[in-house]
Amino acid sequence: MSQTKRYAQVDLLNGPIFLSMLRFAVPVFFSSVFQQLYNTMDTVIVGHVLGDTSLAAIGAVTPVYDLLIGFALGLGNGLSIVTARSYGMSYGTGGRGGSGKSGAATSRPDKNPGGDGLLKRSVAVSMVIGAGISLFIMLLTRIALYPFLQLLHTPEEIIGESYSYISVITLFTGVMFAYNLCAGVLQAVGNSFMPLLFLIFSSLVNIGLDFLFIARFGMGIQGAAVATVISQAVSVVLCVLYILKRVSILVPGKEHFKVDKALYKEMAAQGFSMGFMHCLVSAGSAILQVGINGLGYLTIAGHTAARKLCQFCLMPFSAMISAVNTFVSQNYGAGEKARIRKAMKCAYLYNGCMTVGAVIVLLLFAPDMVRIISGSSEPVILENGARYLRVVAPFFFVLGLINDTRTALQAIGQKILPIISSIMELFGKILFVAIFIPKFQYMAVIFCEPIIWCFMVLELLAAFWLNPYIRVTKSNSAY
């Protein structure tokens, strides 16, 4: 077995398209499940042990955490796009400039001059950029975090608890970035399985530490934050050890850290573009949270529980986004235009099936699910949470189209067009907070995102399918 095949768990450059994407997506789905357990177990234990006020305190800082997670994921995915593209150029059928015909991928580095070197240089650049950004965010949040919570109109009765939680998370931002970078480079070469195993173990650690720090040591919601950081650090250590011992094509040497201005420029542009895109989405959520915070702590608690459940429902969609990201990036590097077009259609069909399943489950069980997550029997919490889930669920298909298409545009090198949709979302949420939420209260919160998504999807679908590289013409129809 060749060096490449040992490390690429799924061959995305050859063979059945949907089956390969599904094989890649399944481990990512379970990774997302255990990643979400970091926060959900915090929510469940806090809600049951500490009560509604502490649950609201975590909910009030959710936009801050989402902002960090969003940027970390965006930056990691953006950097891994270049790594995956390099992998496709090195081990594909002829590179982006080649014929793009399907065939056996080249698996020997000596047939691809600089193949391993290009991969290792991209990993080295990822490490440097990730370390620099982590340090910057850590210093920035030491100064601006509490004023930012005040800017979000966090209620006075919970702002102290909120700060005690999120201040620990932001202090160790580097741990979060490190895991996303490690998982990203492994996924870039088709290995989505090992990050899953590491997350399973670290998630179990997180659950145990939550009970220990919150219920036994009485550390409050700050204990939940400490548990999250420690468990994330465990997953980072496991990822690094695995890469060092088993995935040598991703281990850079001293020579690979030599400054390559063109590579730094490309990776910084790709990483920051995707990170900025995710930040705009999270900033929109933060602005929306301002409107929610003005509706009282019971509404905050109900919305927090509903959003946690919503995130679980969206995990199958997120898994396909990761598959699209790696598949399109690798095949763009290999010049496989036809495979990219077919893959996107498969992803859209998959989203439709997942939406039907989510709608059925939430129509039947939404109130019970909100009760389990929140640990509350307050009618306001249960009714608002269930109503939110049932209205939003049918629009998961639209959201899936948005995220798959936006990711594919990034993967083929389009850095600006995907950001336009995020700007549309940001301004839409500002409009709802300023005009509609004061008038229609929580019903405006519920319908805010679905309405905005419908406008976003039109721009993205046009941008992708009318792109000269993707569009079928006489010159590329043979591909």
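**View 1. The second largest pocket holds about 310 Å³ of space.** Of the 18 residues that line the second largest pocket, Val123, Met127, Cys182, Val240 and Ile243 sit closest to its centre. Helices α5 (115-151), α7 (173-188) and α9 (221-246) each give two or more residues to this lining. By class, the lining has 14 nonpolar, four polar and no charged residues. A pocket here is an open set of points on a 1 Å grid over the protein atoms alone, where a 1.4 Å probe fits, with protein on both sides within 12 Å along at least five of seven lines; lining residues have an atom within 4 Å of a point. Points are joined across faces, edges and corners, and the volume is the space filled by probe spheres set on them. Nonpolar covers Ala, Val, Leu, Ile, Met, Phe, Trp, Tyr, Cys and Pro; charged covers Asp, Glu, Lys and Arg; the others, Gly among them, are polar. Helices are DSSP runs (H or I, at least four residues), numbered from the N terminus.

Please keep in mind that this is a predicted model: local features need pLDDT of at least 70, side-chain atom pairs count only at pLDDT 80 or more, and totals for chains, interfaces and linings use all residues. Residues are numbered from 1 along each chain as its sequence is written, and side-chain values use heavy atoms, with hydrogens and water left out.

**View 2. The largest pocket has a volume of about 380 Å³.** Leu67, Leu68, Ile137, Leu140 and Thr141 are the closest to the centre among the 14 residues of its lining. Both α4 (62-91) and α5 supply at least two lining residues, and the largest share, eight residues, comes from α5. The lining counts 12 nonpolar, two polar and no charged residues.

**View 3. Arg121 and Asp260 meet in a salt bridge (4.0 Å, N to O).** Arg121 belongs to helix α5 and Asp260 to the loop between α9 and α10 (261-293), so the pair ties together parts that are 139 residues apart in sequence. A salt bridge is a side-chain nitrogen of Lys or Arg within 4 Å of a carboxyl oxygen of Asp or Glu, and by this rule the count comes to seven. Arg121 is partly exposed at 28% relative accessible area, and Asp260 is partly exposed at 28% too. Partly exposed lies between buried (under 20%) and exposed (over 50%), using a 1.4 Å probe and protein chains only.

**View 4. Lys415 and Glu266 form a salt bridge (3.9 Å, N to O).** This pair links distant parts of the chain, with Lys415 in the loop between α15 (396-411) and α16 and Glu266 in helix α10, 149 residues apart. Lys415 is partly exposed at 21%, as is Glu266 at 26%.

**View 5. Helix α13 (residues 337-374) carries the salt bridge of Arg371 and Asp368, at 3.0 Å, N to O.** Being three residues apart in this helix, Arg371 and Asp368 are separated by about one helical turn. Arg371 is partly exposed at 37%, and Asp368 is partly exposed at 41%.

**View 6. A network of salt bridges links Arg307, Glu425, Lys429 and Glu449.** Side chains of opposite charge can pair when their charged atoms come close.
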